[in-house]
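Trainee: I have a new protein model open and I'd like to learn how to read it. Could you take me through it feature by feature?

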Amino acid sequence: MARANAAAANEPAGVGHNQRPASETEVLFFVNRRSYLAALEEQKAANKRVKDVGKTIKADLGANGLLMIKAYEESQSPEGKARIQARQEAERQAMGFAGIPINTQLDLLTDRMPLVERAFRDGREAGLRGDTLANPYNEGSAEGQEYAKGWHDGQGALFTGIKAKEEAAAELIEGPGHDDGGDLDEDDA
């Protein structure tokens, strides 16, 4: 008997050997359906959140605010910077074709700022992004000190901006026109 089982184990499996019973498939269908529908709801909520953030960006930064943020994010890699430069060159050419007078400066995105000023700017940007202070310069050098000074300046500006938005939101919630949680549509009479 043991030899028969061993021989059967070495034989190739027949057609349909790995199919599960229909009842098991049905259960898996409904389990997966439930997971799929839950994921769709999460996606809808995330999409709504992105739209709401986009509306806030438009209110705070204007119609091109989201475009500014996307361009900033794209510029954080050498490949992204190259794509931006190529788009700008194409736009410059198109404006030229349209007869719009523009200046041409091929090295427009070359950074000619002195290193000390660039260090301050980069530190401030890191502070505004909320990055931890990770000074890429020697901390004893003038550039290192300017980077740290810029980072602290950016952190202060970021904190001030966050507090201002929180206070504005609180004013909208608690300001004039609210009736201590009652129905705003009710008559006070």
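Trainee: Let's start with a detail. Which backbone oxygen lies 2.7 Å from a polar atom of the side chain of Asn135?

Mentor: That one belongs to Gly144. Keep in mind as we go that this is a predicted model.

Trainee: Where does Asn135 lie?

Mentor: In the loop between helix 5, residues 115-129, and helix 6, residues 142-174.

Trainee: Is Asn135 buried or exposed?

Mentor: To read that, look at the relative accessible area: under 20% means buried, over 50% means exposed, and anything in between is partly exposed. Asn135 has 16% relative accessibility, so it counts as buried. Once you skip residues up to four places away in sequence, Asn135 touches Gly144, Tyr147 and Ala148.

Trainee: How far apart are Tyr147 and Ala119, in sequence and in space?

Mentor: They are 28 residues apart in sequence, yet their C-alpha atoms are 4.7 Å apart in space. That's a handy lesson in reading a fold: check both kinds of distance.

Trainee: Let me zoom out, then. How many helices and strands does the protein have?

Mentor: Six helices and zero strands. Read along the sequence, that gives the pattern α-α-α-α-α-α.

Trainee: And what share of the residues is buried?

Mentor: Of the 189 residues in the protein, 10% are buried.

Trainee: Now charges. How many salt bridges does the structure hold?

Mentor: There are 12. When you look for one, check that a side-chain nitrogen of Lys or Arg is within 4 Å of a carboxyl oxygen of Asp or Glu. Take Glu41 and Lys44: their closest N and O atoms are 3.6 Å apart, so by that cut-off they form a salt bridge.

Trainee: Where do Glu41 and Lys44 lie?

Mentor: Both are in helix 2, residues 22-61, and they sit three residues apart, about one turn of the helix. Glu41 has a relative accessible area of 48%, which means partly exposed. Lys44 has 54%, so it is exposed.

Trainee: What about Asp52 and Lys48, how far apart are their closest N and O atoms?

Mentor: Those atoms are 2.9 Å apart, and the two residues form a salt bridge. They also share helix 2, this time four residues apart, again about one turn of the helix. Asp52 counts as partly exposed because its relative accessibility is 29%, while Lys48, at 51%, counts as exposed.

Trainee: Which residues are linked in a network of salt bridges?

Mentor: Glu74, Arg83 and Arg87. Within that group, Glu74 and Arg83 have their closest N and O atoms 2.9 Å apart. Glu74 has a relative accessible area of 18%, so it is buried. Arg83, at 44%, counts as partly exposed.

Trainee: Next, ring pairs. How many aromatic pairs are there?

Mentor: The count comes to two aromatic pairs. One is made by Phe29 and Phe30, which are edge-to-face, with 4.8 Å from centre to centre and 85° between the planes. Phe30 has a relative accessible area of 45%, so it is partly exposed.

Trainee: Last one: which residues form a nonpolar patch on the surface?

Mentor: Leu61, Leu66, Met68 and Ile69, with about 340 Å² of accessible area together. Helix 3, residues 65-74, supplies the largest share of that patch, three residues. Met68, for example, is found in helix 3.

Methods:
Residues are numbered from 1 along each chain as its sequence is written. This is a predicted model: local features need pLDDT of at least 70, side-chain atom pairs count only at pLDDT 80 or more; totals for chains, interfaces and linings use all residues. Side-chain values use heavy atoms; hydrogens and water are left out. Patches are made of residues with over 30% relative accessible area and no salt bridge: like charges are joined within 9 Å, nonpolar side chains (Val, Leu, Ile, Met, Phe, Trp, Tyr) within 5 Å. Accessible areas come from the Shrake-Rupley method with a 1.4 Å probe; for residues, only the protein chains shown count as cover. Helices (H or I, at least four residues) and strands (E, at least two) are DSSP runs, numbered from the N terminus. Buried means under 20% relative accessible area, exposed over 50%, partly exposed in between (1.4 Å probe, protein chains only). A polar contact is a pair of N or O atoms within 3.5 Å; within protein, one must be able to donate a hydrogen and the other to accept it, and residues adjacent in sequence count only if both atoms are side-chain atoms. Contact means heavy atoms within 4.5 Å. Rings of Phe, Tyr and Trp (its six-membered ring) pair if their centres lie within 6.5 Å; planes under 30 degrees apart count as stacked, over 60 as edge-to-face and the rest as tilted.
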